[in-house]
Amino acid sequence: LDAQGATKLNRYGNPPKVAPAPTAAGITVRDLQIRLYQFADDSMMGRQVGRLGNKKGTDYIAAEVKRLGLLPAGDNGTYFQVLPYHLRKFTEHSRVTVDGNPLAWNVDVVAIPGQRAPRAIANAEVIFGGTAGDTATQISAAQAAGKFVVLLPAAGARGAGGPQGPQAFGGGRGGAPAAPSRFADAAAVATVDLDALTPAQRKAINEPTVASQAAAGGRGGPPAGGRGGAAPAPVDSLALLKGQLAALQPQPTLRITKAAAARLFALTSFEGVAPGAKGGIVNASLDFVDMPSEFARNVIAVIPGSDPVLKNQYVAIGGHNDHVGFATPVDKDSLKVFNDMRIKWQIANNMAQPTIEVTSKFVVNMDSIRKIHPKARIDSINNGADDDGSGSMAVLEIAEAIQSMKVKPKRSTIFIWHTGEEGGLVGSAFFTRNPTVPIDSVVAQLNIDMIGRGRAEDLPGGGDDFVGVVGSFFDSKDLGETVKAVNAKMAKPLALDYKFDEPIAWANYNNIYGRSDHYNYAQQGVPIAFFFTGLHGDYHQRSDEAEFIDYPHYAKITNYIKELTVEVGNGPRPQLNGTKPAKAKKIG
């Protein structure tokens with residue numbers, strides 16, 4: 001606020017914050033602001049797939065489509081299609097004892113969760129194995145076999161962070177067998193490195209914040225034989241069996257305090273213990289749980305069609321609900337200025353990637369920034385306002401607009417907010433392989449990914465009417481012609497730009513066609529059209545914020561795509577081209 005209490009607007013005419021408020025049926029600048037400022041807020045934690053922020057973002061979308069009255073089309077009558085991501089941990093029921101005396105769980109000892117439950121620790125004798133990484137002083141494999149091996153951390157090892165140490169000497173975190181090491185046959189490996197951690201940090205080792213998509217376990221056994229005609233290595237049946245067992249029940253890896261280490265050896269201090277020294281008998285009950293996670297979800301909702309026959313066909317429209325989460329904290333205002341300087345240089349240099357020599361000459365005037373923002377706005381969250389908050393909220397606005405129509409399109413409209421696009425298009429891949437409606441009933445897929453920018457300062461050819469259209473003629477000339485025809489009917493048509501259909505030399509613009517969720521639909525034979533306004537200077541940066549979006553431009557594109565969705569819902573079914581794209585050499 002200024003001295004008079006009025007909200008200050010930035011150079012794009014946007015305020016720093018917009019409060020939640022009701023939205024209306026029409027697609028307006030105001031409604032898009034209300035939605036996007038919420039969806040790209042810091043509270044959404046960057047919406048990264050596999051993290052809590054993704055659940056928060058999908059909760060918001062599902063609550064909105066439920067409020068609007070759309071029908072759920074996810075799993076088991078819900079709006080969600082949950083991807084197979086899991087959180088793995090040890091419960092508070094876990095116990096570790098030495099000579100019958102317990103060590104304090106998550107205080108003196110923490111077990112590191114992996115992909116599978118570890119093998120049991122039963123009547124294992126304690127032995128000091130030496131220092132991690134110092135093979136000259138470590139005990140032998142024979143001495144370690146069957147023992148509870150205690151190790152000092154390697155010199156310079158980090159005390160905080162995730163597990164370290166045990167992985168380097170046969171601990172093995174995942175289901176796949178660990179590389180051979182002298183401690184591979186130990187009953188367990190415990191590293192003395194907890195003292196530098198706070199109680200909260202100790203507990204966090206066993207409290208996963210990231211859900212894992214990787215399937216538990218793996219193929220055991222040694223790698224295949226060499227290439228180039230060399231004879232395959234002989235198979236050691238015992239080694240193969242041990243590798244398979246290690247995959248099914250990996251070796252437990254733990255972290256302990258110095259006080260706990262002393263207790264393992266019945267000493268008052270662990271200082272001066274020599275490698276090979278024996279201690280007490282350890283028994284452990286490590287209660288491992290593998291819980292399905294809600295940190296990776298597609299949101300799916302349907303507006304049924306008005307035609308009794310055609311309502312069994314679907315026009316799919318989607319955006320991706322995820323972004324890339326957290327990064328190193330920065331002053332986002334100085335970062336924004338730097339990014340603006342970089343993209344300005346790129347536009348002047350045919351979008352080449354600037355070298356270090358070039359960027360070192362960029363000078364950010366902090367005095368000017370502090371006049372506007374006297375206090376540094378430190379930010380570690382990649383909010384993804386444009387990528388793909390803009391697409392996700394456009395789809396939500398289009399859903400609200402179509403739901404308000406007295407006569408719905410003849411075909412049903414299925415709205416899909418895919419997760420994990422940033423993680424490799426995993427949400428759209430999961431849906432197209434596990435569709436909640438028959439995939440051959442989907443007549444077209446309209447994908448919206450980054451339509452909130454596209455100014456002249458963002459990329460060559462940008463402007464108030466610019467929108468890139470990708471792939472609409474590649475797979476279906478019919479859909480491509482519909483894309484053009486609907487635009488021509490608009491009161492003020494957009495400037496449809498097809499440049500991204502062709503190979504382009506710009507930095508970061510390789511294979512745009514294969515880089516968003518429509519690609520998985522195209523692979524299933526579904527005609528697609530992808531709408532996109534370019535990779536601006538704030539792409540995948542902490543400065544991709546709701547306050548930097550071009551809302552009038554964004555609203556214009558969203559209204560157009562709504563009209564296109566309705567047209568495809570009412571018109572002839574787009575046909576595939578066949579084996580050759582029917583895209584004309586030049587599209588007017």
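The model is predicted, so local features need pLDDT of at least 70 and side-chain atom pairs 80 or more, while totals for chains, interfaces and linings use all residues. Residues are numbered from 1 along each chain as its sequence is written, and side-chain values use heavy atoms, without hydrogens and water.

**Exercise 1.** Find which residues of H2 are buried.

*Solution.* Begin with the terms: helices (H or I, at least four residues) and strands (E, at least two) are DSSP runs, numbered from the N terminus, and buried means under 20% relative accessible area with a 1.4 Å probe, protein chains only. The buried residues of H2 are Gly53, Asn54, Gly57, Thr58, Tyr60, Ile61, Ala62, Glu64, Val65 and Leu68. Just after H2, Gly69 takes a positive phi of about 90 degrees.

**Exercise 2.** Check the span of helix H2 (residues 52-68) against its 17 residues.

*Solution.* The expected span is 1.5 Å times one less than the number of residues.

**Exercise 3.** State how much of the chain is buried.

*Solution.* Of the 588 residues in the chain, 50% are buried, and the chain holds 15 helices and 21 strands.
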